[in-house]
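This report describes a protein model and its ligand.

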Amino acid sequence: MEELINRAAEALSRSQHTVALTGAGISIESGIPPFRGKGGLWEKIDPMTFAHIDAFKRDPALVWEVLVKEMKGMIDTARPNDAHISLARLEEMGILSAVITQNVDGLHQAAGSRDVIEFHGNFAWLRCMSCDGRCETREADVAQLPPRCSCGGIYRPDCVFFGEMIPPGALTRSQLAASQCDVMLVVGTSALVQPAAFMPIIAKEGGATVIEINPEPTPLTSSVSDFLIAGSAGPVLSSVLETIGANGSGGASGSTR
Ligand code: APR
């Protein structure tokens, strides 16, 4: 593990343009369960019945009941962990340019990351299906489901449901960032959902070093990634940051800890 952490620190110290792709695994240490694998949300609820746009249109109250029961409480109380904080620190040091996240929990921004591309939207916001008006989820009256806009329209979470397109702005910005980076950190994603899982391939084709951080291997590990650091995101990224600091090489801006 130590040799791999040194390799990652070395690559980041030399990097002019690092981008991170993150998934649910990075927020597990903040108390938000993943979607797949042991204890995953999709083990408890069927994603096609409760997280597909057709299901929401068919019965918004039912989908809201599950979303509120399963997600809202956790997202409202979750705090960023060492992994989120380390990525924000790498951005401050001028090493990391952007985070492409599949997560809808807003924890990267809460950790201080400034350039966060929300590939699947953000649960902290609602959008009216009639007037497109937006309101903060915490402001919405979820005692009555589905919550309603002042126009009478139904509010939906401003996230991407299965069966929906990725927001065009997020998609094009992510593809550009992936094609221009020289290092891509792939943190806490099973890399099973497209088109997010295609970003490391774009990075690799652009000549970038692709570094995975995940306790488990993924489909990228044997085909796209240069190496996998098989551990939890918090301790691994904290060690990488420490090693960069210890090497006294603070990246493009040269500012060390
Ligand atoms: N640190 C880093 N990674 C971890 C940790 C940890 N502490 N614990 C588990 N993981 C890894 C798992 O091994 C797994 O590979 O996190 C990954 C979580 O995978 P998923 O639950 O499939 O989450 P994600 O890849 O983000 O899913 C993609 O699918 O359901 C949709 O829209 C949803 O954005 C989501 C998308």
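## Conventions

Helices (H or I, at least four residues) and strands (E, at least two) are DSSP runs, numbered from the N terminus. The model is predicted: local features need pLDDT of at least 70, side-chain atom pairs count only at pLDDT 80 or more, and totals for chains, interfaces and linings use all residues. Residues are numbered from 1 along each chain as its sequence is written, and side-chain values use heavy atoms, with hydrogens and water left out.

## The ligand site

A polar side-chain atom of Arg36 lies 2.6 Å from an oxygen atom of the ligand, and a backbone N or O atom of Phe35 is 2.8 Å from a ligand oxygen atom. A polar side-chain atom of Ser232 lies 3.4 Å from a nitrogen atom of the ligand. Taken alone, the ligand exposes 740 Å², and the protein buries 89% of that; accessible areas come from the Shrake-Rupley method with a 1.4 Å probe, and for residues only the protein chains shown count as cover.

## Helix α1

Helix α1 comprises 13 residues (2-14); at 1.5 Å a residue they should span 18 Å, and the end C-alpha atoms are 18 Å apart, which agrees. The expected span is 1.5 Å times one less than the number of residues.

The buried residues of α1 are Leu4, Ile5, Ala8, Ala9, Ala11, Leu12 and Ser13. Buried means under 20% relative accessible area, exposed over 50%, and partly exposed in between (1.4 Å probe, protein chains only). An α-helix has 3.6 residues a turn, so residues three or four places apart point the same way. The elements covering the buried residues of α1 include β1 (18-22), α6 (82-92), β7 (183-187), β8 (209-213), β9 (227-229) and α10 (233-246).

## Backbone exceptions

Most residues other than glycine have a negative phi, and most peptide bonds are trans. A cis bond joins Leu145 and Pro146, with omega about -5 degrees; Pro146 is in the loop between β5 (134-136) and β6 (155-159). Another cis bond runs from Gln194 to Pro195, with omega near 5 degrees.

The loop between β7 and α9 (199-205) contains Pro195 and also Ala191. Ala191 has a positive phi near 55 degrees and is buried, at 11% relative accessible area. Asp132, in the loop between β4 (121-128) and β5, has a positive phi near 65 degrees. At 48% relative accessibility, Asp132 counts as partly exposed.

Leu228 belongs to strand β9 and has a relative accessible area of 17%. Not counting residues up to four places away in sequence, Leu228 touches Leu4, Glu212, Ile213, Asn214, Glu216, Pro217 and Thr221, where contact means heavy atoms within 4.5 Å.

Asn81, in the loop between α5 (60-77) and α6, is buried at 8%. A polar atom of the Asn81 side chain lies 2.8 Å from the backbone oxygen of Ile26. Leaving aside neighbours within four places in sequence, Asn81 is in contact with Ile26, Ser27, Glu29 and Ser30.

Notes. A polar contact is a pair of N or O atoms within 3.5 Å; within protein, one must be able to donate a hydrogen and the other to accept it, and residues adjacent in sequence count only if both atoms are side-chain atoms.
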